[in-house]
Amino acid sequence: MRGLRKGVLGVALAAVVVMGVGGSAGAVGPSAGPEADLSHHGHVSLWDGRVGVWLVSENHGPSDLSQATVRLAFSEPMAGGQELPPACLWSSDRVVSCRTGELRAEGGFGELALDLRTAGLPEEMTVEVTTAWRDGVADRNPGNDRHRVLVLATGDPYVF
């Protein structure tokens, strides 16, 4: 019996080492704490030294999300002195971070629109959209809240 307990304890410890404490490496079943499925979609346009971003953040559930932060990183610097919507702030001359507001489970959404001036007149740029923070809520499907968009200075909307 004692040997069986040692064997079970050894298997349990090995599982902790392989998965990590609190990890979910390939784990199937309920996770500890609330879970949401946050996604960001929209479009970006670039024309005459201006970049426009229209973004919708959605929660596909199963738990409500009280707040999240979306990060927009531009490959080109933006002109200084520009005002942002109240839910946003400049993290640098190339990064804007914005709160989504509360996102209810199964379809809660928030919208964001930005109209910014670039420091120069780039012919193209990339925009990276990522979730920077999700209030401690797990997201097992992070692929739909991370995008990298190449935008040409044509004024056309590049959808993500």
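Predicted model: local features only at pLDDT ≥ 70, side-chain atom pairs only at ≥ 80, totals over all residues.
Residues are numbered from 1 along each chain as its sequence is written, and side-chain values use heavy atoms, with hydrogens and water left out. Local features need pLDDT of at least 70 and side-chain atom pairs count only at pLDDT 80 or more, whereas totals for chains, interfaces and linings use all residues.

**View 1. Arg140 and Glu35 form a salt bridge.** A salt bridge is a side-chain nitrogen of Lys or Arg within 4 Å of a carboxyl oxygen of Asp or Glu, and a search of the whole structure finds 6 of them. Here the N to O distance is 3.7 Å. The pair links distant parts of the chain, 105 residues apart, with Arg140 in the loop between β7 (124-133) and β8 (146-152) and Glu35 in the loop between α1 (2-19) and β1 (38-47); helices (H or I, at least four residues) and strands (E, at least two) are DSSP runs, numbered from the N terminus.

**View 2. Glu128 and Arg148 form a salt bridge.** The closest N and O atoms of Glu128 and Arg148 are 3.2 Å apart. Because Glu128 lies in strand β7 and Arg148 in strand β8, the pair ties together parts that are 20 residues apart in sequence. Glu128 is partly exposed at 29% relative accessibility, while Arg148 is exposed at 62% (buried means under 20% relative accessible area, exposed over 50%, partly exposed in between, with a 1.4 Å probe and protein chains only).

**View 3. Asp64, Glu102 and Arg104 are linked in a network of salt bridges.** Arg104 is partly exposed, with a relative accessible area of 48%, and Glu102 is partly exposed, with 47%.
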